[in-house]
Amino acid sequence: GGKFYPDGSAFFTNETQAYNYMWKNSNYGKSNTVENFAFITKNGVAVLPTHGVKANGKAFQNTSNSAEWYGVYRTQGQGSTFAVDFNGTWIYPIASFHTHPDSGYGANESPDGWDMQAFRGMGIPGFILGPTYFYATSMSDLRNNTIEAPYPAQNLLNGNILIIPNIGLFK
């Protein structure tokens, strides 16, 4: 399992457990779907809360088609210097990850313009898990405004695909 924090965040050293936790917490197929967001590090996956109070004191609430990450915790830098103050410890994300559980409002489960803008702002690869597919957006994709071919979502959830040991493929 993961380590759970009072603000609703969690840290998983097992990335497959983290992705399954996030997908279950997204409430896919229910009326209260909610996107989940995480930072992937070399040591595991830091899952952010889906609601609460940002570092600046303002309240936030993820929705069925948006997930807050900017300002939830203090951040600094970009790319290889990007750091997040995760529950009092600075972590250094190698990628971001979030869910797209709601494909019914007109969008699909693949990355959209907002996603690409966020990935560029962090300067790290971005990954999205939808009901059917799992999408990878490498740094090269961000420069060229493209996305990788999707992988079956089940391959990520059953542990057949691991991001952390393969992050070099997404530079």
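Colleague: What is the strand order of the open sheet of 8 strands?

Modeller: This is a predicted model, in which local features need pLDDT of at least 70, side-chain atom pairs count only at pLDDT 80 or more, and totals for chains, interfaces and linings use all residues. Residues are numbered from 1 along each chain as its sequence is written, and side-chain values use heavy atoms, with hydrogens and water left out. Strands are DSSP runs of E of at least two residues, helices are runs of H or I of at least four, both numbered from the N terminus, and two strands pair if DSSP finds at least two bridges between them. The pairing in this open sheet is mixed, and the order of its 8 strands is 1-2-4-3-10-11-12-13.

Colleague: Which are the edge strands of that sheet?

Modeller: An edge strand here pairs on one side only. That holds for strand 1 (3-4) and strand 13 (151-152).

Colleague: How many residues lie between strand 3 and strand 4 in their hairpin?

Modeller: Strand 3 and strand 4 (residues 44-47) are antiparallel and share 4 bridges. Within this pair, Ile 40 faces Val 45, and Phe 39 is opposite Ala 46. The number of residues between the two strands of the hairpin is 2.

Colleague: Is Asn 43 buried or exposed?

Modeller: Asn 43 belongs to the loop between strand 3 and strand 4. Not counting residues up to four places away in sequence, Asn 43 touches Phe 11, Phe 12 and Thr 13, where contact means heavy atoms within 4.5 Å. The classes of accessibility are buried for under 20% relative accessible area, exposed for over 50%, and partly exposed in between, with a 1.4 Å probe and protein chains only. Asn 43 has a relative accessibility of 61% and therefore counts as exposed.

Colleague: What distance separates the C-alpha atoms of Asn 43 and Leu 169?

Modeller: Along the chain, Asn 43 and Leu 169 are 126 residues apart. Their C-alpha atoms are separated by 18 Å.

Colleague: Which residue in strand 12 stands opposite Leu 129?

Modeller: Strand 11 runs parallel to strand 10 (residues 95-99), with 4 bridges between them, and Phe 97 is opposite Phe 127 of strand 11. Strand 11 is antiparallel to strand 12 (residues 133-137), also over 4 bridges, and a hairpin of 3 residues connects these two strands. The residue of strand 12 opposite Leu 129 is Phe 134.

Colleague: Which residues of strand 11 are buried on its two sides?

Modeller: Strand 11 (residues 126-129) is covered on both faces. One side carries Gly 126 and Ile 128, and the buried residues on the other are Phe 127 and Leu 129.

Colleague: What is the relative accessible area of Thr 33?

Modeller: Thr 33 is in the loop between helix 1 (15-25) and strand 3 (37-41). Not counting residues up to four places away in sequence, Thr 33 touches Ser 26, Asn 27, Tyr 28, Thr 63, Ser 64, Pro 101 and Asp 102. Thr 33 is buried, because its relative accessible area is 14%.

Colleague: Why is one side of strand 7 and of strand 9 left without a neighbour in the sheet?

Modeller: These strands belong to an open sheet of 3 strands, antiparallel in its pairing, with the order 7-8-9. Strand 7 (75-76) and strand 9 (89-91) are at the edges, so each has a single partner strand.

Colleague: Which residue of strand 8 is the bridge partner of Thr 75?

Modeller: Strand 7 and strand 8 (residues 83-86) are paired in the antiparallel sense over 2 bridges. The partner of Thr 75 in strand 8 is Val 84.

Colleague: What radius of gyration does the protein have?

Modeller: The radius is taken over C-alpha atoms, and the globule rule is 2.2 Å times the number of residues to the power 0.38. For 171 residues, a compact globule would have a value near 16 Å, and the protein agrees with this at 15 Å.

Colleague: What share of the residues in the protein is buried?

Modeller: The protein comprises 4 helices and 13 strands. Of its 171 residues, the buried share is 49%.
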